[in-house]
Amino acid sequence: MAPTAPSPAKSASPSQPSGKSEVSDLKQQLRQLAGSRAPDADDQRRDVFKRVISCMTAGIDVSAAFGEMVLCSATSDVVLKKMCYLYVGVHARAHPDLALLTINFLQRDCRDQDPTIRGLALRSLCSLRVPNLVEYLVAPLTTGLKDPSAYVRMVASVGAAKLYHISTTTCLDADLPAALKALMLSDSDAQVVANCLHSLLEIWTLEAANSEAAAREIETLYSKPVVFYLLNRIKEFSEWAQCHVLELASKFLPSDNNEIFDIMNLLEDRLQHANGAVVLATIKVFLHLTMSMTDVHQQVYERIKAPLLTLVGAGSPEQSYSVLCHLHLLVMRAPMLFSSDYKSFYCQFSDPSYVKKLKLEMLTAIANESNTYEIVTELCEYAGNVDVPIARESIRAVGKIALQQYDVNAIVDRLLQFLEMDKDYVTAETLVLVKDLLRKYPQWSHDCIAVVGNISSQNIQEPKGKAALIWMLGEYSQDMHDAPYILESLVDNWDEEQSPEVRLHLLTAVMKCFFKRPPETQKALGATLAAGLADTHQDVHDRALFYYRLLQHDPAVAERVVNPPKQAVSVFADTQSSEIKDRIFDEFNSLSVVYQKPSYMFTDKEHRGTFEYSEDLTNLTVGVEAPETVISAQRYQENDNDLLLSTSDKEDNVTRASNGSSTSTYNAPPDLTGPSSLLSSQTPTETALINPGGPTYSAQTNFSLDDLLGLGVPDTPAPPSPPALTLNSKPVLDPGTFQKKWGQLALSLSQECSLSPQGAASLMNPQSLIRHMQSNYIQCIASGGQPPNYKFFFYGQKDGATAFYLVECIVNTASAKAQLKIKADDGTTAQSFSTLFQSALSKFGLS
Amino acid sequence: MPVAASAIYFLNLRGDVLINRLYRDDVGGNMVDAFRMHIMQTKELGTCPVRQIGGCSFLYMRISNVYIVIVVSSNANVSCAFKFVVEAVALFKSYFGGTFDEDAIRNNFVLIYELLDEIMDFGYPQNLSPEILKLYITQEGVRSPFSSKPSDKPVPNATLQVTGAVGWRREGLVYKKNEVFLDIVESVNLLMSSKGNVLRCDVTGKILMKCFLSGMPDLKLGLNDKIGLEKEAQLKSRPAKSGKTIELDDVTFHQCVNLTRFNSEKTVSFVPPDGEFELMKYRITEGVNLPFRVLPTIKELGRTRMEINVKVKSVFGAKMFALGVVVKVPVPKQTAKTSFQTTSGKAKYNASIDSLVWKIRKFPGQTEATMSAEVELISTMGEKKLANRPPIQMEFQVPMFTASGLRVRFLKVWEKSGYNTVEWVRYITRAGSYEIRC
C-alpha cells in the first residue's frame, strides 16, 4: 500500500468546508474498489473518479488520494484511464515521489494494442513534467515517433518538445530533434508533420542562443526545400497547421522573383479560407514576400482588402477586433490605398467602443481631399454620441484631419458648430482643437475668435478646455473686445481654480494681454502676479516671479520674451518611430499588432520589470508601471494635443528653466502690491531683488532665443581635464536594455550644439546621419521624425569597459541645431563623450 | 513560435473557475486571479478583449454566461486563438446538444477535459472537427470491459480518420433517402443618415447545408454570380444569359470546397461533410435590395412633448411577407408617458432600453405601416436637448427573399452508385445591423 504523504499545501477551499472529509471518504471508496473484480466495478470506479475530478475542478486538494488513484488505474476502461491520466498529470508535479508509481502503468499503456491508449498514455507521460522521471520518457518517445499509428506519432512529436522543456539535455542527447526532422520530411500524415514543425521550431529557437549548430538548423527550416515541401502539401494540413506553415513561409527569403510568384500563386486560394487566422497568415506571407517590389506590394494591398473587410464583418466582435487591428496597421502604413473604402470604417451604433476607437483612427488616417467632406460629416455625427469617450475621440479626429489638410475651411465651420452644441465635454475638446488649429493656421483666427469670444468661461469645467480658451484670450486679446475683462474675472477666481495648468496659462495670457492693451490690463496684471507669487504650486510661483523680474528689468525685453511674433507650427512631434512600426509589421498576425508595440516590449522579462506574476499579486503595480519605462518613441499614444511642439511652449519651458536656475538665491519680493507702479515708471532699476551673482540679463541686451536656450544647461563645471575617450567600435546593446537604462539613468548632460550647414542640408532622412555616426562608433537604436525635425536615440560604449552612453538627439535641420540629452553609466566621462559626440556631429556633411 | 494558448480557463460570471487546462508551464497557475482582479472586477471588462497584465496576455470572450479566457505569455497569434475558442465552443455545443453555458460545463466536465486534451496539445491546436472527434470520444466512452482486444473496431479506424486526407467525411455512409438541404441566409446591414441617404449598406450571406448523402458524393453548386456566369459562358463559348447577375465582393469557403477548381473554373465543387455545415460565406456591397424603407419624423413640441411618426414601407415582392418585424425608436431617458396609434402591429414603451418598441408579426410585401406616438417627458432642470439620438433599429426576417438577389441555379450531386437525391433550397434575409439615424 502506498503511503499517502500528507500534503503540505492541504488547503481545502474555504467555500468547501467539507473538502477534507470528502477526500478521505473518496480514499476509502477507492481502496475498496481497487482490487474489486465485480462486474460493475468499472462503473463504480467511474463514479468515484468523477467525484475526485469534480473536487479537483472545484479547487479541493485531492492529492491525498494519489496512491489509491494509481491502484485503481489498472483497468482497461478508456474513460477511467483518461480520468486517471488527468488526475496524475495535475498532481504529479507536486508529488514527484508518488509520480514514480504511475510510470509503471503509463509505460505499460504505451505498449498497448490500441493506438488510442498508446497515444493517451504517451501524452500523459510527457505531461508529468517531473524532472527526475525523464529517463523513463526517452524510450517511449523514440518508439512513439516510429509508431505505425499516426495518432501516436502526432502525440510523440509534440511530446519531444515537452521533454525539451523538462530536460534540455535529455532531449538533445536522445537525438530527438533529428528524428523529428526526418519525420517532418517524410511522414504521410499532415498533422504529424505540423507537430514536428512546431516542436523543431521551438527547440531550435531556444537552442539557437547557445549553439551555432542550432542556428544553422533554424536556417534549414526556413530554407527553400523545407518551405516548398510544406507549402506543396498545404492543402493536407488542418486549418491550424496551415497557420503555422504559413507563418514559417512568411520568414522565407526567396532568392528570386520567380520563387515569390510561385509561392503567391500557390497560396492565392488561401485568401478565401473560412478561417480568419489562415487568411491573415496568408496575407502576412504576401506582404513580406513582396516587400522589395513596390508595385507588387501595392497590388497585394488591393488584393487583400476584400478578404480583410469580409473578415471584419464576420465572426464574433473579438475576432473582428483582431482583424481590425491588422487592418489598422495596414491602413496606417498605406492610408491612400484605403481612401476609397472609407465607408467600411463607419461606426455602427452597436459596435463595441474598442472597435469604434480603431475605426475612428482609420477614418482619420485615410482622409484626403476626395473624401474629407464625407468623413468629417460622419465624424460630426459621433460627436453627439452617447458614449462620451467616443464622442471626444471623434472631435479629436476631426481636429486631426483639419491639421492634416490644406482645405480647413469647412472643418473650421464644423468645429465652431460643435461649440454651439453646448455640451461640456464637446466644448472643452473643441476649444483645445481650435487652439491647435490656430497655432497651425493663424489665418483662421478671425472666424474662430468671433465664436470663441462668445463662450463663457464659466461654462467650461475641464482644465484642458479652459486652458485653451485662456490661451486664445491672451493670444488674440487685440481682436477680442472684452478679453481683458474676461481675464480679469478669471483672475478674481484665482483661488478657486484647481488646475495649475490653467493658472499657468492665465499668467501668460494676462502678460500677453498686458502688452497688447496695457491700460485695460494693468490692474489685472498686478493682481495676477500677486496671486501667482502667492501660489503654492512651484511652477506657477516661479513663472510669476520670472515675469515680475522681467517686467522690472525692462518691459521692452519682457515684451520680446512673452510676445514675440508667432511662428505658425508646421510640424508634429514625431510619432512612433519608423523602426518600431517596421518591427510591428514584421510581427504581423500576433499580439504585437493588437498592442501596437513590438513583442520585446511585452514579452521580455526585463520590460515587465522584475516582478513575477505567479509569485505575488500585490506587486502588480510594478508590472503596470513597466510600460512607463518605454522610451519616448512610444509616446505617440498620448493625447495628440501634446504632440504639437509649439514655439510658445518651448519658450515656456525655457523661461521656466532659466528662472529655476536662479530662484534658489532669491528671496521672495517683499512688496508685491505695486508692480504696476513699478512698471509705470518704465525705468528699470537694478533693485536688491536681483542677485548680482545670478545671470545678468543686462549684459546680454540683444540676447536671442538661442542664447536663452543655452541658459538651460546646468552650469556645473566641466571636469578639469577630461581623459581622452575612445569608443568601442562594435558596441552591442539591444533595444530592451537601452530602454531600461534610459529609464534608470539620470540625465548627465543636456546641451545644444549646431550642425554644419552642409550637414543640415544633407540630412534628408535619418539614415544618412545614422551611417555617419556609425563610422564614429556611435550606434543608432531608434530614429524617426519628419523634416525638419528628427529624433534619434544613439548609444556608444567606452572601449574596454562596459559603460554605455545613451544619447537622445533632436535635430532641427532648419536651424541646423541639435539638442542632446546624454545619460551615462559612468557620469564622470559624460562630458568627454559629449565632446566626442558633438565633434562627430559637427563633421556630418563635411566629408 | 505563434502558440495559440498556454492555458485556457472557463469562468462563470462571478469569476469562479468552472474548468481549466494548463497546456504549458510558462504561465502561473493563479493567472486567473489576475484576470478576476484586474479585468472582471473593474470597468475594464468589455473594453477590450485582449489585455495584458504583468507578463501575460488575456484573450477573452463571453459566451452566454461563461467567460472563456486564453492566457499566453508569448507573442501569440490572436486571430488563431479567438478562432480556436469559437470552434471549441461549436464543438462543445455539438456534444451538449446545442447549448453551452455554465450548467452544461458543470454537467459535462469529464467530457470537456477529454476534449480539451484532444483539441489542443502543448498550446498548438490539433483536431477540432466534431465529425471526427465524435468517432472516438463519446459521452459513454469506448467500453471494452475486460481487455483491449480489437473488439472496439471504431477506435483504430477513428484514429486513422483523425488525420486522414478527407478529414471532414467518413467513408461508408448509407442513407435510405438521399437528401440535401441548402439554406441561403443573408443579413443585410444598413446605415442611413437622417436625411435618408444610404451611408453604408452591405449584405453578408452564408450558405448553410445539411447533407444526408450516401457514399462519397461530389457536389457542384451554380449561383447567379457574375464571375461564375461569365466563366461558364466563356467555357461553353456562348453569350452569358441576360438577367440579374450578382457581383460577390468576397467569398470564403468551407475547407471541403476545392479552391483550385473554384479559381480555374469558378464553380463551387466539393465533397460535403456529413450533416450540417457552412459551405460558404460572401459579402456584397453593390446593388443591395433593401427590404424596408423607414421614414421617421420626430418633432419636439416644447420641452416636455415629442411627436414621433414612423412610416415603414416594404419594398419586396407583393407575394412575399416579412416575419417578426420589430422597430425600435429610441426616446429620451426622462420619458414619462406614451401613447400610440399604429396601422398594424402593437407598440409599447420599453423603459429598460429607452425605446418605443413596435412589433409587427407579419408584414406583407409592397405595403406600408405607420406608427404615431406621442411622448411626454418629465421636465428636468438644466437638461439640454439631446443633440444626437441613437438610431432607429430594425429587426426582421423575410423568407424566400435575398437582399443580394443571389439565387441557386443548380445543385448537382454525383456519386458513383448513381442514386437520386432530393434537394431543398430555401432563402431568408434577416436584419443585421439595420440602423436609421433620426
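The structure is a predicted model, in which local features need pLDDT of at least 70 and side-chain atom pairs count only at pLDDT 80 or more, whereas totals for chains, interfaces and linings use all residues. Residues are numbered from 1 along each chain as its sequence is written, chains are lettered from A and ligands numbered from 1 in the order in which they are written, and side-chain values use heavy atoms, with hydrogens and water left out.

Where chain B meets chain A, the contact (heavy atoms within 4.5 Å) involves 101 residues of chain B and 97 residues of chain A. The buried area, that is, the accessible area (1.4 Å probe) that two parts lose on being put together, summed over both, is about 8600 Å² between these chains, and carbon and sulfur atoms give 56% of it. Seven salt bridges are counted between chain B and chain A, a salt bridge being a side-chain nitrogen of Lys or Arg within 4 Å of a carboxyl oxygen of Asp or Glu. In one salt bridge, the side chain of Arg437(B) meets that of Glu378(A) at 2.7 Å, N to O. Side chains of opposite charge can pair when their charged atoms come close.

Across the interface of chain B and chain A there are also 28 residue pairs in polar contact, both residues being at pLDDT 80 or more. A polar contact is a pair of N or O atoms within 3.5 Å; within protein, one must be able to donate a hydrogen and the other to accept it, and residues adjacent in sequence count only if both atoms are side-chain atoms. On the side of chain B that touches chain A, helix α2 (residues 78–95) of chain B gives the most, with eight residues. Helices (H or I, at least four residues) and strands (E, at least two) are DSSP runs, numbered from the N terminus.

Within chain B, four strands form an open sheet in the order β14-β15-β20-β17, with antiparallel pairing, where two strands pair if DSSP finds at least two bridges between them. The edge strands of this sheet, each pairing on one side only, are β14 (292–301) and β17 (335–342) of chain B. Strand β17(B) is joined to β20 (residues 368–377) of chain B by seven bridges, the two running antiparallel, and Phe340(B) stands opposite Ala373(B) in β20(B).

Strand β16 (residues 321–330) of chain B pairs with β19(B) in the antiparallel sense over nine bridges, with Pro330(B) opposite Ser355(B) in β19(B). Strand β16(B) also pairs in the antiparallel sense with β21 (residues 392–399) of chain B, over four bridges, and there Lys328(B) has Gln393(B) as its bridge partner.

Asp354(B), which lies in the loop between β18 (346–350) and β19 (355–364) of chain B, has a positive phi of about 50 degrees although it is not a glycine. Most residues other than glycine have a negative phi. In the loop between β22 (408–414) and β23 (422–436) of chain B lies Thr421(B), whose side chain makes a polar contact of 3.1 Å with that of Glu423(B).

Over all chains, the structure holds 50 salt bridges. One of them joins Glu247(A) to Lys284(A), with the closest N and O atoms 2.9 Å apart; this pair links helix α14 (residues 239–250) and helix α16 (residues 276–289) of chain A, the two residues being 37 residues apart.
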